[in-house]
Amino acid sequence: MVKDEHMSRYIGILANRFRRQLDALAFRGEYSGSEGKALHFILAHADSDLFQKDLEEEFGMRPSSASALVKKLEEDGLIARESVPYDGRLKKIVPSEKALRHKEHVLRDVQELEAQLLDGISPEQQKEWLKVTKQMIENL
């Protein structure tokens, strides 16, 4: 570790700032931060089968928390849960027409936020950061 530079501190600062920025974009304040983040993820993966387990893995959520979030999104008319023909126990998460109306601007907002985040950072630095960050995640 670099003397007097604690990586955990900077990871926390970055995560908090990024979360605040993302929350501000969350459907222009229509939904909570967790709902907005989940919708960003669901809309970004709208062309593939997505399940509650995918939300659990993406956001490091417990099954009960993910279940409550999915239920809230469904109650708000933003998603539907549909059975899949190959396993009666599974229900895929499908964005509603209401959510899909926001898809283009939501994905554009996220791309713009990522571009802002990476401004001035070379592709080589980005590649190295991803490598180091993935290793840190594995370490935990």
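Colleague: How many residues lie between β1 and β2 in the hairpin that they form?

Modeller: This is a predicted model, in which local features need pLDDT of at least 70, side-chain atom pairs count only at pLDDT 80 or more, and totals for chains, interfaces and linings use all residues. Residues are numbered from 1 along each chain as its sequence is written, and side-chain values use heavy atoms, with hydrogens and water left out. Strand β1 is residues 79–84 and strand β2 is residues 87–95, where strands are DSSP runs of E with at least two residues, helices are runs of H or I with at least four, and both are numbered from the N terminus. In the hairpin, the number of residues between β1 and β2 is two.

Colleague: In which sense do β1 and β2 pair, parallel or antiparallel?

Modeller: Two strands count as paired if DSSP finds at least two bridges between them. Strands β1 and β2 have six bridges, and their sense is antiparallel.

Colleague: How many residues apart are K92 and D49?

Modeller: K92 has a relative accessible area of 22% and D49 one of 39%, so both count as partly exposed (buried is under 20%, exposed over 50%, partly exposed in between, with a 1.4 Å probe and protein chains only). K92 is in strand β2 and D49 in the loop between α2 and α3, so the pair links distant parts of the chain, with a separation of 43 residues.

Colleague: What is the angle at which α2 and α3 pack?

Modeller: Two packed helices are described by the angle between their axes and the distance between the axes. Here the axes are lines fitted to C-alpha atoms over the stretch in contact, and angles run from 0 to 180 degrees between N-to-C directions. Helix α2 (residues 33–44) and helix α3 (residues 52–59) have axes 11 Å apart, and the angle is about 115°.

Colleague: Which residues of α3 make the contact with α2?

Modeller: Contact means heavy atoms within 4.5 Å. On the α2 side the contact is made by K37, A38, F41 and I42, and on the α3 side by D54, L55, E58 and F59.

Colleague: Is E104 buried or exposed?

Modeller: E104 and R108 both lie in helix α6 (residues 103–118), four residues apart, about one turn of the helix. Their side chains meet in a salt bridge, at 3.8 Å from N to O. R108 is partly exposed at 36%, whereas E104, with 63% relative accessibility, counts as exposed.

Colleague: What pattern does the protein follow along the sequence?

Modeller: Buried residues make up 26% of the 140 residues, and the C-alpha atoms fill a box of roughly 55 × 30 × 25 Å along the principal axes. The secondary structure comes to seven helices and two strands. Read along the sequence, the pattern is α-α-α-α-β-β-α-α-α.

Terms used
Salt bridge = Lys/Arg side-chain N within 4 Å of Asp/Glu carboxyl O.
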